[in-house]
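Please read them alongside the structure.

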Amino acid sequence: MKLSKYPHVVQKEILDNLEYPELFLLSFVSKNMITLIKSSQVQRFKSINYISYDCCLNNQLIVKISSEHNEHENLVKIVEREETDNDYFPLNVSGKMIDFQLSRKCKFPVAAYHLYEKESVIQSIHNYFIHLFGDSMEYRWKTDDCKTPIPQLQNLSACITVFISPIHGDMKTLENVFSSISVLKSVDIFAQFPTEPFSTESKIYKAEYIRTNQLNHNVPEVLRYFQGRQAFLSFGLFEISDLIEFVNSWKSGEAFQKLEYLEIGLYSSVFPLHQVLSGIKAKYIAPTKKPPTHTLPKVYIANDNKENTDPIISHTYVVRESDGHVASVLIREKKLFFGVWDMREEKFLRIFEFSMVDLIYTESVKALVQVSVRYGVWCANTAYSNTEPYDNMH
Amino acid sequence: MSSTEQGTSSAAPAEPTTAPESAAAPEVPESFYYVHGKDKVVHKVSAGALQHSALIHGMISNLGYTEEQAKANPFPFENIDGDILQMVVDWCNQHKGKPTPPEDTNLPKQKEKLFDLVLAVNYLEIKELLTYCCKQVAMMVKGKSPEEIREIWMIPTDAEDEAAEKEAKKRAGKEAAGETAAAAGDAK
C-alpha cells in the first residue's frame, strides 16, 4: 500500500483520521511527510488553543494539546530514561537523536532522556513542535514545582501553582524561580501560613491571571501591586481601607491600567456595602434602568472549568479619571466583583438607555440580543440568560 | 445484495442475476442499472443503491435509460478490479436507503485489497465508504513507530525522494531537449 499513490484528497482524509501522537510519529518518516501533514492539517492545527507541558511526579512531563474540539489530548510524554528498558528507537528531533518508546500503557509516544541532557532534549522537542505546528502556536508550562527553573522556550508562558508555607521552601528561592520566567500567564497561590512579604517588584504581580487563597490579604499584596488582567482573590483577614485604596488607585489611572476583572471573596465576614460604596464614591444608575452584564472569557481556565468570569449586573460603577473608562462594582455579602469596561462613561450610560429600548423590543419579539464589547459582553435581555442577575440594588 | 455472473467483452452482456428485493416492496417499481469492472462481470444494481456514488448518480440522472437500454449499456469501470467492484456493489446494496453507521467492520483487512478499494471508492465518489476506508487505513499505523509506518504505507526515505526527484528532473530535461530537437527538425 503506497500512501503516495493516493490523490491528495484521500491522503488528507487518512491523515484527518490520525490522532496527534500518530501524526507526530508520522512526521519523522520523511521530509515530504512533514510537508504533507502541515499542508493537509492546517484547519486542525488552527483549532489548537495552546500546547501545554504538564509537569507531573517523578520528573515526568506530559505534552498535551488543548483545542476547540478536545480539552486535552496527550501528544507525547517526556521522562527520565529507564536503563532496564530495551525497546527504545532513536529519532532525529531537530538535529538531536532522542530515544522514544511506545508502550501499551500509554497511547502516545514516550521520549526518554538522561538527566544530564534533560534541558537539551526538551529544547529539541520544543523546536520540533515549532517546526511542525508553526511559530505562532502558544505554549504553556504548567507546574507546582517552584524550586526547579522553567526552561526558556519560544512562545512559552508559565502557569504556576504555588504553596507558600515554611515546608514549601523559602521566599528567596521562590522569587528566583519567578524572576527567571519570561512570560507568566497565571499564578495560583495558596498562602495559608504567615510568611515573609513578596518583593514589591515580584514577578507574580506581572502575571496575566492570579488566583489566591490567602489568610492575610497583604501576602501577597495583589490589591497594591498587581499589573495583570484578571484577579480572583480569597481572603481570611481583610481591611476595607485597603479595598477603598485599591479602587481609588484604579480611578486615578496610576495603577491597574490592564485590569479587566477582580473578584474578592471573604472566608467569613461580609463586605459592609454602604461603607465600601461611599468610600469609593460610587456612582449610581436609576433603579428603573436595566444594567448591562459584564462578563469576560477567562485568561486561564482553572480547575473549576469555568470559561467566563461571573456575570456582573450592577447599577453601581466608578469612573477612571485618566480616560473616563467605567468599572461596574457589585457587592454581594462575602463577594465583591469589579469589572472594567472598555468604554467611557458617556457610552456606558448610552448603553443603559439603549438597553431599555432593547428590553422593550426583546420582550415583544422574544429574541435575545447580545452585543459584545472588547472587555465585556452586554446581554440586552438577561431575563433569557441562565445566570442569576447580581445587583447591589436588590 | 447483487449476485453476478461472468460477463464477456461483447457489447451485450450476459443476463445478470437480480439482487434480492427487500422485504418491503417499494411503491414505485425500482429502476436498475448495470456496471462492470476489469473482469467484465456485470453487476445489476438498483438506482437507490447507486445513489451512494456521486459519479454514477450524476451519470444516470441525465440518461433517462429504459430497463432495456440500461441492460445493453453497462457502465464500464475498466480501472477497477472485478472483486473490488463486487465489494463496492455489495456495500451500496447493504446501505441502500439506510443511514450509514459510524463504523463499518466489513472492510477488507488485507492491505492491498483495502488500497485498491480506497482508489475505487474515491473514483466512484462514495463519500461514506471512503470515510470508513480512510479510517481503516489510518488504524493500520496506530501504535506503530515511524519505521513501521514507513513499511506499512511504503513511504520513501528522504534519500529515495531526492533520487526520484533528480530522476524526474533528468527525464523532464531529456524530454524538453527532444522536443527542441524535433522542433528544429520541423523548421528545417
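1. Helices and strands here are runs assigned by DSSP, a helix needing at least four residues and a strand at least two, numbered from the N terminus. The model is predicted.

2. An unreviewed UniProt entry gives "domain: SKP1 component POZ" for residues 38-96 of chain B. That stretch is 53% helix and 12% strand, with its end C-alpha atoms 24 Å apart.

3. How many residues does each chain bring to the contact? Chain B brings 26 residues and chain A brings 22. On the chain B side, at least two residues come from each of α5 (111-124), α6 (127-139), α7 (146-153) and α8 (158-187). Of the elements of chain B, α6(B) gives the most to this side, with 6 residues. Sorted by class, the side of chain B that touches chain A holds 14 nonpolar, 5 polar and 7 charged residues.

4. Helix α6(B) deserves a separate look. α6(B) has 13 residues and spans 18 Å from its first C-alpha to its last, close to the 18 Å expected at 1.5 Å a residue. Its buried residues are B:L129, B:L130, B:Y132, B:C133, B:C134, B:Q136 and B:V137. The cover over these buried residues of α6(B) includes α1 (8-16) of chain A, along with α4 (82-94) and α5 of chain B. As background, an α-helix has 3.6 residues a turn, so residues three or four places apart point the same way.

5. Which residues lie on either side of β3(B), and are they buried or exposed? On one side are B:V42, B:K44 and B:S46, on the other B:H43 and B:V45, and all are buried. Because 5 of the 5 residues of strand β3 (residues 42-46) of chain B are buried, the strand is largely enclosed by the rest of the structure. The cut-off for buried is 20 or more other C-beta atoms within 10 Å of the residue's own.

6. The partner of β3(B) is strand β2 (residues 32-36) of chain B, joined to β3(B) by 5 bridges in an antiparallel arrangement. Within this pairing, B:Y33 stands opposite B:V45. β2(B) and β3(B) form a hairpin with 5 residues between them. In the turn, B:K40 has a positive phi of about 70°.

Notes
Residues numbered from 1 in each chain as written. Chains lettered and ligands numbered in written order. Predicted model: local features only at pLDDT ≥ 70, side-chain atom pairs only at ≥ 80, totals over all residues. UniProt positions renumbered as here; feature names shortened; annotations may be inferred. Contact = placed C-beta atoms within 7 Å. Nonpolar A, V, L, I, M, F, W, Y, C, P; charged D, E, K, R; others polar. Buried ≥ 20, exposed ≤ 12 C-beta atoms within 10 Å, placed from the backbone. Pairing = 2+ DSSP bridges. Expected span 1.5 Å × (residues − 1).
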